[in-house]
Amino acid sequence: MISKSLRRKVMFILYTNYFVHGLGLLILTQNMFAFSKSWNTPLSTVSYTISAVGIGRISAYYILGSFSDRIGRKPVLYAGMLSYLLFFIMTPFIKDFHLAYLLIILAGVANSALDASTYPIFLEIDKKSTAPPSILIKAVMSMGEFVLPISVVYVEKLQLWFGINFMIAAAILFINFILLLPIEFSDQSFSSKENFHLKLNQMSNRQFFLLCSLALYGYSSMAIMIHFTQWVSIFAGKELDMTKVSSHLLLSLYSLGSIVGVIAIFTVVKNALIKNTHLIVLLSFFACFSLILIAFNSSDILVHLSAFVFGFTAAGGVMQVALNLLVSLFPGMKGRATAIFFTLGSLATFSVPLVTGILSRISIVLTMRSIVVTALLNLIISIFISFAAYTKKENSLKLETKYVEN
């Protein structure tokens, strides 16, 4: 059994990894102009290049999820940390976008490895909790997302090299790498006793519909976040005539809303104040409403307030709640269940920059407003999830965030 002090140390390292991951989520989009200049390419090409993150994630998630279940969490975790380390160290020095494309694919692989190892570790550290520590991952990521836009503004203001933020992220990862070396997860059992395909065949129609809905939610919920973080600053600066500081502040408010949202959602889930499926619908509705206000409104105050609300509702841990519901369908295959969910999210990471890159050639306004369509789809899918889990009270699936030991 892992000791309490060692558990805290492991959790600190894992959370810090996700702080760096929060930096990584925005570090490309927040430096699009710098990369455009460095690679001597238009913004649309930079957007296409950023989509390589999705390729890395799509190609790696299920493989790494299976490895995580079979050979252990730590080797997969290390693979992710090393991949991210190479990405952060090398990307600022690359002058050719073709080489950058390969490094960004590596960042996607790193993301897959972290998710496939870290989420199962958190679920196994505290199996009895109704609100597992994995929900708080989003808060730590949001801290990174909050800090980075501010840092980018000051780096630009002081006319410093944009790669400084990359080096800081690399340094934190390197320290974590050293701290993790002596730690063993010897008490964990990673062998899966269940056959994934057999489990699928044994599912009822309603369970399978729920599985598909949750997987699709992995796509739509990630899509609106990727879309928003990539284009909101550019939209605000070019179309709403905001200053550089005000346009970057939108992302910081989004991240701040996310942090507050995680705390609120963690409290709601822990105390079972509302059913998880109903919570997903409620948050998806307000996320959609806030995006409509941002895309079709010109008031600076209302746009900034809506950015906070969007962060609270769309990035406040709702994806983690949905993931936990999916994992509850496959308690003996946490790595692969996590991989299924985030593979769909990876499709969003790949497809959204491609689609928005095309739209940006037509109009930045169209690029931003198209997010409302995805948000409406996200809301519809959330309703499907609630419908599948609670069609009839007597037959409702017991899918609150509670886990069965392997």
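Trainee: Which residues form one aromatic cluster?

Mentor: Phe35, Trp39, Tyr84, Phe87, Phe88, Phe93, Trp161, Phe162 and Phe166 form it. Note that this is a predicted model: local features need pLDDT of at least 70, side-chain atom pairs count only at pLDDT 80 or more, and totals for chains, interfaces and linings use all residues. Residues are numbered from 1 along each chain as its sequence is written, and side-chain values use heavy atoms, with hydrogens and water left out.

Trainee: How many aromatic pairs does a search of the whole structure find?

Mentor: A pair of aromatic rings is described by the distance of the centres and the angle of the planes. The search finds 22 pairs. Rings of Phe, Tyr and Trp (its six-membered ring) pair if their centres lie within 6.5 Å; planes under 30 degrees apart are stacked, over 60 edge-to-face, the rest tilted. Tyr78 and Phe177 make a tilted pair, 4.3 Å centre to centre with 55° between the planes. Tyr78 is in helix H5 (residues 73–90) and Phe177 in helix H8 (residues 164–180), so the pair ties together parts 99 residues apart in sequence. Helices here are DSSP runs (H or I, at least four residues), numbered from the N terminus.

Trainee: Is Tyr78 buried or exposed?

Mentor: Tyr78 is buried, at 13% relative accessibility. Phe177 is buried too, at 17%. Buried means under 20% relative accessible area, exposed over 50%, partly exposed in between (1.4 Å probe, protein chains only).

Definitions and conventions: Helix = DSSP H or I, 4+ residues; strand = E, 2+ residues; numbered from the N terminus.
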